[in-house]
Amino acid sequence: MGKMEEFLTELNIQKETTTDDLPEIDLYMDQVIQLFEKKFAGAKRQDEEKVLTKTMINNYAKAKLFPPVKNKRYTKDHLMLISLIYQMKGVLSITDIKETLHGINDRLDDDDFNFTSFYKSYQNLVFHNTEIFTKQIQDHSAAVKDELKTSMDADADELENILLITSLASLSNLYRRAAESLIDELNGEQQEKEK
């Protein structure tokens with residue numbers, strides 16, 4: 001296995017909460033935390049990091065990122081929403097996440113809206129994104145090596161890693177800005193509906 005394959009394996013990018021991972025019964029907060037800790041343990045940067053805490057869940061509830069829980073129990077819909085929040089929180093502000101999930105939360109009581117089907121579509125896209133990312137990171141790494149050879153005649157691993165880090169951070173910012181622009185568009189559409 002090459003260096004890039006090892007790197008991609010260590011990233012643990014295949015982790016996602018699928019509908020099959022989610023129990024059909026409602027869970028108490030401690031059970032929700034255990035479920036997410038188990039599922040995303042490999043995605044943590046440091047072992048002592050927490051994937052989800054009571055404080056986080058309470059903050060999400062206060063921010064109205066998901067509908068109120070009943071009898072201190074979280075439904076499958078809550079779990080899917082918490083999973084979406086988990087994926088977005090590293091990139092977007094709580095306000096942006098709230099704007100993004102507003103349309104879903106409004107539809108949860110609508111019998112014509114199948115949130116599980118929507119979430120499965122999200123899962124399919126995550127799988128597709130993972131395949132695209134794997135290919136792009138390999139291409140990006142090769143481009144960094146080529147750039148170093150042509151611009152600096154250097155083959156130092158440290159310079160290669162620094163250039164790859166800064167380039168990926170730049171790319172990440174472009175994706176974040178694109179997501180924020182779409183959130184602003186959603187917000188504008190919502191404000192138009194409320195007039």
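A salt bridge is a side-chain nitrogen of Lys or Arg within 4 Å of a carboxyl oxygen of Asp or Glu. By that criterion the side chains of Lys-145 and Glu-160 form a salt bridge, with an N to O distance of 3.9 Å. The model discussed here is a predicted one. The protein contains seven helices and zero strands, and its C-alpha atoms fill a box of roughly 65 × 40 × 30 Å along the principal axes.

**Overall architecture**

- Along the sequence, the elements follow the pattern α-α-α-α-α-α-α.
- Of the 195 residues in the protein, 29% are buried.

**Salt bridges**

- The structure holds six salt bridges, and three of these pairs, including Lys-145 with Glu-160, are described here.
- Lys-145 belongs to helix α6 and Glu-160 to helix α7, so that pair links distant parts of the chain, 15 residues apart.- Lys-145 is partly exposed because its relative accessible area is 38%, whereas Glu-160, at 9%, is buried.
- Asp-146, also placed in helix α6, is partly exposed with a relative accessible area of 46%. The C-alpha atoms of Asp-146 and Glu-160 are 9.9 Å apart in space, and the two residues are 14 residues apart in sequence.
- A salt bridge joins the side chains of Lys-39 and Asp-21, at 3.1 Å from N to O. Lys-39 is in helix α2 (residues 29-40) and Asp-21 is in the loop between α1 (3-11) and α2, so this pair ties together parts that are 18 residues apart in sequence.
- Lys-39 has a relative accessible area of 23% and is therefore partly exposed; Asp-21, at 30%, is partly exposed.
- Within helix α7, Arg-176 and Glu-180 lie four residues apart, about one turn of the helix. Their side chains meet in a salt bridge, with 3.1 Å from N to O.
- Arg-176 counts as partly exposed at 25% relative accessibility, and Glu-180 counts as partly exposed at 24%.

**Aromatic pairs**

- The structure holds seven aromatic pairs. In one of them, Phe-113 and Phe-118, the ring centres are 6.3 Å apart and the planes stand at 50°, so the pair is tilted.
- The rings of Phe-115 and Phe-118 have centres 6.1 Å apart and planes at 25°, so this pair is stacked.
- Planes under 30 degrees apart count as stacked and those over 60 as edge-to-face, with the rest counted as tilted.
- Phe-115 and Phe-118 are both in helix α6, three residues apart, about one turn of the helix.
- Phe-115 is buried at 3% relative accessibility, whereas Phe-118 is partly exposed at 37%.
- Phe-36, Phe-40 and Tyr-86 are linked into a cluster by ring pairs.

**Surface patches**

- Asp-109, Asp-110, Asp-111 and Asp-112 form a negative surface patch.
- A nonpolar patch on the surface consists of Leu-171, Leu-174 and Tyr-175, which together have about 290 Å² of accessible area.
- Leu-171 is placed in helix α7 (residues 157-194) and is partly exposed, with a relative accessible area of 30%.

**Backbone geometry**

- Most residues other than glycine have a negative phi.
- Asn-71 has a positive phi, near 55°, although this residue is not glycine. Asn-71 lies in the loop between α3 (54-62) and α4 (76-88), and Asn-71 is exposed, with a relative accessible area of 70%.
- Lys-72 likewise has a positive phi, near 60°, in a residue other than glycine. Lys-72 is found in the loop between α3 and α4, where Lys-72 is exposed with a relative accessible area of 66%.

Key. Residues numbered from 1 in each chain as written. Predicted model: local features only at pLDDT ≥ 70, side-chain atom pairs only at ≥ 80, totals over all residues. Heavy atoms only, no water. Patch = residues over 30% accessible without salt bridge, like charges linked within 9 Å, V, L, I, M, F, W, Y side chains within 5 Å. Areas by Shrake-Rupley, 256 points an atom, 1.4 Å probe, with all protein chains shown as cover. Lys, Arg positive; Asp, Glu negative; His and termini not counted. Charge placed at Lys NZ, Arg CZ, Asp CG, Glu CD. Helix = DSSP H or I, 4+ residues; strand = E, 2+ residues; numbered from the N terminus. Buried < 20%, exposed > 50% of the residue type's maximum accessible area, 1.4 Å probe, protein only. Phe/Tyr/Trp six-rings, centres within 6.5 Å; stacked < 30°, edge-to-face > 60°.
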